[in-house]
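Notebook open, model on screen.

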Amino acid sequence: MTGAGAPGAAGIIHCLKMDSRFSIVAADAREEAYGRYLTESFELLPAADQPGFADQVLEICRKHDIKIILPLVTRELIPLAMHRQSFEKAGIMIPLSPVNALEIAINKGKLYQFLQWRGMDLPDFRIIDRVEQFQTAIRELGFPEKPVCFKPLQSNGSRGFRIISKSVNELDVLLNQKPSSLYITLEEAVRILSSGPFPELLVSEYLPGDEYSVDCLANNGVPVLVVPRWRKKMINGISVEGEFIKEESIITYCSQIIRELQLHGNIGIQVKANQEGKYLVLEINPRVQGTISAGLGAGINLPVLALKQELGLPVPAAEMTVQWGTKFSRYWQELFY
């Protein structure tokens, strides 16, 4: 399992340890990743963009006789998928989507354009790379009467995401909100974005309704399990309170996304309701999501299910049964070493 220092790594390790047949080798690009102290073995990895990344992963797999890789880091997905044949020749499986699907899924601009081409409902959006385009897009999407949001085409969690609203009280943001506040004025956004090379951005209508994180298991474009969980409370983009709700419209919508993109393995899809209550996609994480471990409380172990699927192991019906209505709360826990 890579990404041993990721916020959700501890929960995912806990999921994997629920099946005693698996032994875990954790890996990370940071030597002091906390996950090394939660597993039997640990290996230091180069960053995913370094030459020889996939070769070193393969070497580690051979060293430990590893049969399957579970990547947690978005930047690692395409390099690993591109070398899938080399891993398979060595008897090592990677439950990942095809390279072309990953290239679309992790780029919000390509994702929105692809799904629009396939006729799916989406937030109204623009893709821009210049300050003039940015200001035009903001106005076209209804600002200042309506709030508008933007985010980089490639980012994880809530990095780079901001909401532009005319009702922002800058003094309140400064004095009463934590520095992680998502709200920003148009003037401040333009100033910051223009302070360096202007980035490619997805600018879209702001969806004001409930947000769901949807943990999915897919088998080569076939939705196997689609589990919406309401994101009741979030801190820095990470769910800390929620509830598993069988919202059929979300299940149908996300199942269509899986089919259109031919996704595979553990998949995370973020959706949010618009003004009319229709749930629309925000982004896709074509990998294990950090809060996927909350599924244990609802009776499902999605990381283990993905590994069983890849390895061809039998899955009893009870392991696929979601206990809808389960609520969860997450909290910090110390690790001493």
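I started on valine 227, which I find in strand β9. Helices (H or I, at least four residues) and strands (E, at least two) are DSSP runs here, numbered from the N terminus. A note on the source: this is a predicted model, where local features need pLDDT of at least 70 and side-chain atom pairs count only at pLDDT 80 or more, while totals for chains, interfaces and linings use all residues. Residues are numbered from 1 along each chain as its sequence is written, and side-chain values use heavy atoms, with hydrogens and water left out.

Is valine 227 buried or exposed? Valine 227 counts as buried because its relative accessibility is 0%; buried means under 20% relative accessible area, exposed over 50%, partly exposed in between (1.4 Å probe, protein chains only). Not counting residues up to four places away in sequence, I get Ser213, Val214, Asp215, Phe244, Ile300, Val322 and Trp324 as what valine 227 touches, contact being heavy atoms within 4.5 Å.

Next, the cores. A nonpolar core is a set of buried Ala, Val, Leu, Ile, Met, Phe, Trp, Tyr and Cys residues joined through side-chain atoms within 4.5 Å. The largest one has 35 residues, and Val214, Ile257, Ile269, Val271, Val281 and Ile284 have the most contacts inside it. I see at least two residues of this core from each of α5 (99–105), α6 (108–117), β8, α10 (248–261), β11 and β12 (279–285). α10 gives the most, with 7 residues. I looked up isoleucine 257 too: leaving aside neighbours within four places in sequence, its contacts are Leu115, Met120, Leu263, Ile269, Val281 and Ile284. There is a second, separate core of 30 residues, and Ala26, Phe42, Leu225 and Ala306 are among them.

Then α11 (residues 302–311). How many of its 10 residues are buried? I get 8, so to speak a mostly covered helix. The buried ones are Leu302, Pro303, Val304, Leu305, Ala306, Leu307, Lys308 and Glu310. Their cover includes α1 (9–17), β8 (211–219), β9 (222–235) and β11 (265–273). Just after α11, glycine 312 takes a positive phi of about 75°.

I followed α1 up. Its axis is 8 Å from that of α11, and the two pack at an angle of about 55°, which makes α1 oblique to α11. Axes are lines fitted to C-alpha atoms, for helices over the stretch in contact, and angles run from 0 to 180 degrees between N-to-C directions. Under 35 degrees counts as roughly parallel, over 145 as roughly antiparallel, 65 to 115 as roughly perpendicular and the rest as oblique. Ile12, Cys15 and Leu16 of α1 make the contact with Pro303, Val304 and Leu307 of α11.

On the α7 side I list Val131, Phe134, Gln135, Ile138 and Arg139, which meet Leu186, Ala189, Val190 and Leu193 in α9.

Phenylalanine 143 counts as buried because its relative accessibility is 9%. Beyond neighbours within four places in sequence, phenylalanine 143 is in contact with Ile138, Val148, Ile164, Ser165, Lys166 and Leu186.
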